[in-house]
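Please open the model in a viewer and keep the selection tool at hand.

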Amino acid sequence: MANRSNNKPIVWRLLHWGIFLGVIGLIPIIFGGNSYYMYVATLIGVYIITIMGLNLTIGYTGQISLGHAAFMGLGAYTVALMTLNGYSFWLALPLGASIAFVAGLILGLPALRVKHHYLALVTLGFGTVIYLFLSNEHEITGGFSGLPGIPRPSFFGINLSSNIAFYFLVAGFLVVLTIMMLWILNSRWGRAFKAIRENDMRAEMVGVSLLAYKLLAFAIGAAYAGVAGGLLAPLMKFIDPTAFPVHESFWFLIMLIIGGSGRFEGAFIGAIVVMLLPQFLRGAQQLYFVVFSAITLVILIFWPTGLAGLSDVFFRRVLKRNPPQLTK
Amino acid sequence: MNNILEIKGLKKSFYQLEAVGGVDFEVKEGEILGLIGPNGSGKTTLFDCVTGIQRPSGGDVFFMGKRITRMKPHNIYRLGVGRTFQLVQLFPGMTVLDNMVMAIQESEGTILSRLFQIDESKDVRRAIELLEFLNIIHLKNEVAKNLSYGQQKLLDLGMVLMSDPKLIMLDEPMAGVNATLGREICERLVELNDRGCSFLVIEHNMRMVMGLCHRIVVLDYGKKIAEGSPDEIQKNEQVMAAYFGG
Amino acid sequence: MFIQLVVSGISIGAIYALVAIGFTLLWQASRTVNFAQGDFLTVSAVLMFILVCLGVPFILALLVTVGISAVLLGYVVKRGIIQPLIDRSHTTIIVATIALSFLASNSISTFWSAQCKPFPQIFGMTPYRFGSIILSRQHVWTIVIAIALILAINLFIQRTKPGKAMQAVAQNREAAKILGINISSVTTMVFVMNAVIVVFAAMLIAPVYMVRFDMGAQLGLKAFYSATIGGFNQIRGALLGGFLVGVIETFTSAYISTEYRELVVLVVLIAVILIRKEGLLGTEER
């Protein structure tokens with residue numbers, strides 16, 4: 001963008017895009033033969049979208065949300081129920097995202113009145129309510145028996161039912177949503193979000209409408225989770241409430257912290273690291289939880305910028321200059 | 001001369017404690033009005049009520065004839081009331097330039113237009129001009145929290161100037177600032193005042209208050225105890241009693 | 001039936017109140033919202049259970065658990081995790097306690113057991129009969145012990161010197177500092193105190209819930225709800241909130257639906273937050 005206040009080397013950006021698109025392109029070339037690997041890669045893509053949304057709400061705007069799994073659930077159940085009843089995926093997904101967006105707006109309202117722990121509690125309560133609803137309203141959601149047989153969509157006549165085809169669909173969404181998020185963060189909205197995080201009282205004193213921006217931060221974050229949920233349903237072909245409990249939201253938080261909260265790369269690194277490691281070390285799943293929660297504590301205490309901060313260390317120590325960032 | 005700010009019977013109490021107890025005064029257009037009083041006399045609370053950070057318990061505030069009592073802070077700011085803080089309030093993790101641009105970006109257009117506003121060259125140019133005026137241009141890409149206290153104070157002032165406010169409210173601009181810098185700030189204030197900007201200044205530095213202000217209002221225990229020219233105030237026995245133990 | 005329900009509601013509410021008091025003490029002393037409060041309780045229950053299984057007499061097991069918990073969940077958590085984060089944002093501490101909660105519950109299920117274990121019925125099984133009213137021993141003793149503890153905590157805070165220092169820190173940190181109170185050590189004391197309170201709560205709840213790695217999760221949340229409904233900065237607020245949540249829950253599951261008993265509490269909670277965010281008995285904080 002023209003006349004940016006602090007010009008970042010264009011090379012740095014191109015490098016990131018090169019890595020990003022390169023990885024997306026290489027995965028099917030290397031793992032294309034293995035349907036399971038493609039499934040895992042797609043799943044990671046879905047979670048990156050969720051964490052990207054969470055990063056906007058928590059990392060950039062500083063508003064804690066413990067209801068992100070519920071937003072994801074709203075998107076997933078909307079798409080599942082609609083496609084199972086014969087509606088098009090391409091109608092269901094935007095609707096699922098919109099429902100999550102509206103839910104985010106409604107949940108954002110208390111954020112205006114209350115802060116910190118109250119906000120954590122309200123969003124947690126929301127997560128619980130959605131989970132209870134999904135588990136107990138058998139007639140609508142199928143309760144704990146879940147919703148099986150969710151169809152995968154087609155795209156202008158191209159059948160996307162194979163894992164590799166569906167991978168490309170999710171990758172497409174990921175690229176588009178990444179561009180949109182970068183746009184938002186580099187626009188005046190992004191600056192206003194950060195201003196709220198840095199000092200919300202002063203932000204209000206320079207004309208920032210806390211009402212509008214806090215609601216937007218919640219709603220956009222929620223819509224990202226909604227889209228992710230809407231992609232998760234056809235990916236897994238089966239969903240039940242246990243995919244969206246309150247603990248899942250905690251887990252998202254851990255991904256974000258490990259990756260780097262408030263850093264654009266954070267969502268990507270966090271989701272990839274946290275989801276990929278268990279694949280290499282199969283077996284005792286509980287052990288990862290132990291390891292990752294311990295790592296989260298260590299990172300919080302000693303290294304608040306998360307793994308995304310690694311490049312900062314490289315820039316400061318080795319190149320002796322300020323590290324460039326992907327967002328202002 | 002018109003009144004730019006009118007405060008009528010303004011009250012603010014916390015529980016049973018009355019911080020501001022029915023204060024009346026006005027700031028005339030083009031005037032530098034000093035607001036003085038011992039610690040805890042309700043000066044900052046009064047600022048908070050005028051700028052909308054706190055809800056007054058009673059009374060009214062008018063800005064250029066418009067009632068701004070109970071308006072949201074961001075709307076009051078957009079009308080043209082700028083303010084600095086006793087304890088500097090910045091966006092510590094953002095660069096100096098971003099702090100400056102932040103101070104104006106919400107003043108114009110709709111919220112949606114801000115998502116698509118790509119060209120910020122006008123705001124950036126203005127920010128650079130002001131940073132030059134305040135002699136902190138060399139820090140423009142530095143993160144605000146790395147600035148010294150005096151530099152932060154200048155940045156705070158710079159942010160207020162970004163939006164070209166009609167009324168500037170300064171809360172102890174001299175506190176923690178060395179004498180040289182203090183003189184510079186004073187010169188800048190006079191310069192701005194010559195261009196037509198009105199000021200409401202809280203300050204403990206009496207020499208500055210007496211030298212700079214056209215008129216002075218004195219608060220004690222949340223009540224106005226005196227109002228007048230610097231000379232009149234200096235001769236007022238009640239004021240002396242409030243300050244030097246009575 | 002009605003009286004039994006009230007007693008059962010008050011009994012569970014008393015435990016909520018106890019845990020909630022620990023919660024509010026932490027908040028007052030250090031602005032820590034402890035999302036791991038429930039897991040502290042689990043850890044204590046598991047420790048006690050292991051000791052009892054090893055043949056240690058119950059009273060001794062309780063005392064040893066109090067000791068371990070005071071050091072591990074009080075001192076170590078405060079010094080190792082909360083202290084370095086105390087000057088950062090509230091959100092950071094919230095995330096840290098969430099991670100701590102994950103760490104505790106998953107460590108138990110990984111390194112100990114993921115199964116339910118029945119805790120010994122320390123109060124005995126034969127119910128008390130008062131005429132036509134039959135009351136469970138567990139309920140009655142829970143209420144008695146919890147109330148005794150709450151009175152003791154209150155006495156400590158009101159009457160002793162360290163208790164008064166705690167109050168001073170809670171009300172005004174700056175003023176407390178000027179008065180020469182060592183805020184850090186007062187905070188550490190509060191963490192230790194909370195760890196001890198939690199052990200007693202674990203003792204009271206374990207015979208009802210059975211010992212399991214996630215037994216505390218719900219309880220910690222309920223305590224959080226209780227503290228918020230009653231008022232975060234008041235002990236009597238936590239008390240009122242605890243009893244209220246206990247009774248509401250018991251009656252909802254008896255008369256409306258077990259599935260949605262949490263929902264009713266949540267509705268009350270959200271209503272309280274939106275209408276009077278400082279809680280029913282709380283005072284506004286700046």
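Which residue is the bridge partner of B:Leu10 in E2(B)? Select B:Leu10 in this predicted model; the partner to display in E2(B) is B:Val23.

Within E4(B), select B:Asp60, which stands opposite B:Lys8.

Turn now to chain A and colour it by confidence. The mean pLDDT of chain A is 86, and 91% of the residues score at least 70. Select helix H3 (residues 68-84) of chain A, where confidence is highest at 95, and then helix H14 (residues 310-319) of chain A, where it is lowest at a mean of 73. Residues 1-7 of chain A remain under 50 in pLDDT, and the model gives them 17 contacts beyond four places in sequence. Where pLDDT is low, the predicted coordinates should not be read in detail.

Finally, display chain A together with chain C. Here 38 residues of chain A contact 40 residues of chain C. The two chains bury about 3500 Å² between them, with 78% of it on carbon and sulfur atoms. Across the interface of chain A and chain C there are 0 salt bridges, while 3 residue pairs are in polar contact. On the side of chain A that touches chain C, select helix H5 (116-136), which gives the largest share, 13 residues. By class, that side of chain A has 26 nonpolar, 10 polar and 2 charged residues.

Notes. Residues are numbered from 1 along each chain as its sequence is written. Chains are lettered from A and ligands numbered from 1 in the order in which they are written. This is a predicted model: local features need pLDDT of at least 70, side-chain atom pairs count only at pLDDT 80 or more; totals for chains, interfaces and linings use all residues. Side-chain values use heavy atoms; hydrogens and water are left out. pLDDT is the predictor's confidence in each residue, from 0 to 100. Helices (H or I, at least four residues) and strands (E, at least two) are DSSP runs, numbered from the N terminus. Contact means heavy atoms within 4.5 Å. Two strands pair if DSSP finds at least two bridges between them. Buried area is the accessible area (1.4 Å probe) that two parts lose on being put together, summed over both. A salt bridge is a side-chain nitrogen of Lys or Arg within 4 Å of a carboxyl oxygen of Asp or Glu. A polar contact is a pair of N or O atoms within 3.5 Å; within protein, one must be able to donate a hydrogen and the other to accept it, and residues adjacent in sequence count only if both atoms are side-chain atoms. Ala, Val, Leu, Ile, Met, Phe, Trp, Tyr, Cys and Pro count as nonpolar, Asp, Glu, Lys and Arg as charged, and the others, Gly among them, as polar.
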